[in-house]
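Biologist: Hello! Could you help me learn to read a structure, one feature at a time?

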Amino acid sequence: QAQLVESGGGLAQAGGSLRLSCAASGRTFSNYNMGWFRQAPGKEREFVGSINWNDGTTTYADSVKGRFTCSRDNAKNTVYLQMNSLKPEDTAVYYCAASPPWTSRYLVWGQGTQVTVSS
């Protein structure tokens, strides 16, 4: 059974950094797009960034471009979200998700990890 487990969330000060990890297991995610999403209280879930597991192609939301970086470690079956220059508005629950190559939908989701940025 495919499973994604996020870790690395916590409390950071504005201007600080955090790195989230997403460990994948239960199947091969080769050529999947691995996405990061976030949901703040009272707001809809929004796309943050993604990376193609096969070729490393990345995409980012405008709100995080230049501050956040997606990467992957094939040997560890893990994708990362490096978050720099954090802002209080980055506070949210962050989710990792997987989209297979035959669809644009994200079909496998992690449980989420809380990121809180204080001003």
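Biologist: Which backbone oxygen lies 2.8 Å from a polar atom of the side chain of Thr78?

Modeller: The backbone oxygen of Lys76 does. In general, a polar contact is a pair of N or O atoms within 3.5 Å; within protein, one must be able to donate a hydrogen and the other to accept it, and residues adjacent in sequence count only if both atoms are side-chain atoms. This is a predicted model, where local features need pLDDT of at least 70, side-chain atom pairs count only at pLDDT 80 or more, and totals for chains, interfaces and linings use all residues. Residues are numbered from 1 along each chain as its sequence is written, and side-chain values use heavy atoms, leaving out hydrogens and water.

Biologist: In which strand is Thr78 found?

Modeller: Strands (E, at least two residues) and helices (H or I, at least four) are DSSP runs numbered from the N terminus. Thr78 belongs to strand E8, residues 78-83, and its bridge partner is Asp73.

Biologist: How many bridges join E7 and E8?

Modeller: Strands pair if DSSP finds at least two bridges between them. E7 and E8 have six, in the antiparallel sense. They form a hairpin with four residues between them, and Asn77 in the turn has a positive phi of about 55 degrees.

Biologist: Is Thr78 buried or exposed?

Modeller: Buried means under 20% relative accessible area, exposed over 50%, partly exposed in between (1.4 Å probe, protein chains only). Thr78 has 9%, so it counts as buried.

Biologist: Which side chain does the side chain of Arg67 join in a polar contact of 2.8 Å?

Modeller: That of Asp90. Arg67 sits in the loop between strand E6 (58-60) and strand E7 (68-73), and is buried at 10% relative accessibility.
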